[in-house]
Structure formats: C-alpha cells, structure tokens
Amino acid sequence: MGKLMDLIVLDTRNYDRSITTLGWNNDYIDLIADDASRSLMGSHQENWFYRQLSESADRGATWRIIGNQIIFSRIIESFGINGDNWNGYTANRNRTLKHLYDNNIGNNIFLAGDSHQNWVSDLVWLGEKEYDEATGAGGLGVEFAGTAVSSTGVRKPLNGTDADARARLAQSPVLQWQDGYYRGYFVMSVGKDQIETQFFGSPSVATRNAYDLPLANFTVVAGDNRLARPVAGGSVESGSLRGGEVEHTNLTLNTETGLWEYVGFNQM
C-alpha cells in the first residue's frame, strides 16, 4: 500500500501450530509454554514473517500492520496465563520481539480477536527491555484486540466486568485498556503521521437494533511506538483505563435516525 503501510496476515490457528491448550491438558501446556521448539505458525511461516517485517522496514513503509487471530501481549489473568494465545508460545513471541528490537523495526501494530473482549496494549518485550508503563517509553508499537458484534462474552453485569478489567490492568503492565462487557468492533484509520482507532459497542446484542455506543478512542503517533498519553484522552465508557477514568454515559448513536440517545438494556 505504497509507503504508508504493509499488511502482514498470519495464520496462528491452524498452520503447523504446536499443541495448544484443550482444557484437559492445561497443566501440561503450562509446563511446556517456554519450550524453545514451540511455534504458533511453524518454522516456514515464522521465517517468512520475519522477512516481511524486515523488507517492509527496508523499503520505507511507515507502518507494519500485523493481523493474527490471538492476543500477542503478555496479559496475566486471575488464573495465570492463557495458554491458547501467544502466552502459551513464549519462545515464539520472544523470537518475534528480538527480531523487531535487534533490527530497530518500529511502528508495528498488532491486530487480534478470538477472546470475545477488548484489549489495548503497548507492544513491549517485558523482562528484556526497559519499559515505563506511565509514558510508554521502551515499546515498539501497539496491539489492538477486539471482540465480535454478535459473539457471546462474559456473563456478568457491567460492574463485574469493570472489576475484572481493573484486576487485569493491575497484573499486566503493558495493558492500557480492557473491557469485557460490550460486543462490538473497532475502526482504525491509518495516516502517515498517526493512527486513530475507535472502539464501538452495542448496548445489547440480544435483539436487533441500530445503536452504536462509542467506548474508547486511541492515537498512535508515528515514531513514538506507544499509545499517545493520556491514553484514550483520559476517559473511556467502560472497563478499566490506566491513568484515566471510566464514565458510564450510555450516550448512544441511533445509526438509523442519526440521533444521539441515552440508551440502556437489561440484557447484553
């Protein structure tokens, strides 16, 4: 796409992937998660991935947009790590980060789904590179991970999912915003100088409706390799925001009429 960006799409679900967690084998996956031989994509695709990253930087593309199915960042849950995402393939993630840092490749944007929740993180090699979670210094990009419009999600009220989000932020330094209540989507606008990403949710997917609830807006400035501070302008609709506030406004756009309304549903 000219010098603006390169879109690199990976298959991290099926192609030559080492064994993943299946529920009954969680303890085993925890034991082998750091094994150097484990790969999410097999050696052929992994080497292709690193070549694409280097060739993109060498040709002068401003951004590298990496699409994959699962969360890349190191997120700690109440039960520990989720072995079904990159956390279960630590060596593969470390090899990816080492290639980016060793070759000074910045302006990387990882996109993910799968978890049925919203996650926004600075992209960092924790434990190897210095990182300031307040400023974002030390990163080499950002990860945006979204839910889906009609998928099932966390079966809790809004105050419960907000509490879960606060706990995740407390345990995961790179995680800057998390929300597990709303189903929805995000829109990313890519420009030469910056990327703007807007997250939207539906107040309910139990019935068909035309409502669009803005959840959070994020900016990534080219060359900064982190989310712009204050993150999300200091305020989001739901979840938990590092260094910011959560304001449940319920101010929702009716996309059929173009009118803004205060909307609430008893059932997500």
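Reader: What counts as a helix here?
Author: A helix is a DSSP run of H or I with at least four residues, and helices are numbered from the N terminus. Please keep in mind that this is a predicted model.

Reader: Thank you. Which helix gives the largest share of the lining of the largest pocket?
Author: That is helix 4, residues 158–171, which contributes four residues to the lining.

Reader: And what volume does the largest pocket have?
Author: Its volume is about 410 Å³. It is lined by 20 residues, and those closest to its centre are Glu77, Phe79, Asn82, Gln117 and Trp119.

Reader: How do the residues of that lining divide into nonpolar, polar and charged?
Author: Six of the lining residues are nonpolar, eight are polar and six are charged.

Reader: What about the second largest pocket? Which residues lie nearest its centre?
Author: Gly153, Val154, Arg155, Gln267 and Met268 lie nearest the centre, out of 15 lining residues. The volume of this second largest pocket is about 260 Å³. Its lining consists of six nonpolar, six polar and three charged residues.

Reader: Let me change topic to Asp84. Where does it lie?
Author: Asp84 is found in the loop that runs between strand 2 (63–67) and helix 3 (90–102).

Reader: Is Asp84 buried or exposed, and why?
Author: Asp84 counts as buried because its relative accessibility is 17%, and the cut-off for buried is under 20%.

Reader: With which side chains does the side chain of Asp84 make a polar contact?
Author: One partner is the side chain of Arg13, at 3.0 Å. Another is the side chain of Thr20, at 2.9 Å.

Reader: Which residues does Asp84 touch?
Author: Leaving aside residues up to four places away in sequence, Asp84 touches Arg13, Arg17, Thr20, Thr21, Ile70 and Asp114.

Reader: One more topic, please: how many residues does helix 2 have?
Author: Helix 2 covers residues 42–58 and has 17 residues. From its first C-alpha to its last it reaches 24 Å, close to the 24 Å expected at 1.5 Å a residue.

Reader: Which residues are buried in helix 2?
Author: The buried residues are Gly42, Gln45, Glu46, Phe49, Tyr50, Leu53, Ser54 and Ser56.

Reader: What do those buried residues pack against?
Author: They pack against strand 1 (5–9), strand 2, helix 3 and strand 3 (108–112). Strand 2 and helix 3 are also the elements on either side of the loop that holds Asp84.

Reader: And what comes just after helix 2?
Author: Just after helix 2, Gly60 adopts a positive phi of about 90°.

Conventions
Residues numbered from 1 in each chain as written. Predicted model: local features only at pLDDT ≥ 70, side-chain atom pairs only at ≥ 80, totals over all residues. Heavy atoms only, no water. Helix = DSSP H or I, 4+ residues; strand = E, 2+ residues; numbered from the N terminus. Buried < 20%, exposed > 50% of the residue type's maximum accessible area, 1.4 Å probe, protein only. Polar contact = N/O pair within 3.5 Å; in protein donor to acceptor, adjacent residues only side chain to side chain. Contact = heavy atoms within 4.5 Å. 1 Å grid on protein atoms, 1.4 Å probe; cavity = no way out; pocket = protein on both sides within 12 Å on 5 of 7 lines; lining within 4 Å. Points joined across faces, edges and corners; volume = space filled by probe spheres on them. Nonpolar A, V, L, I, M, F, W, Y, C, P; charged D, E, K, R; others polar. Expected span 1.5 Å × (residues − 1).
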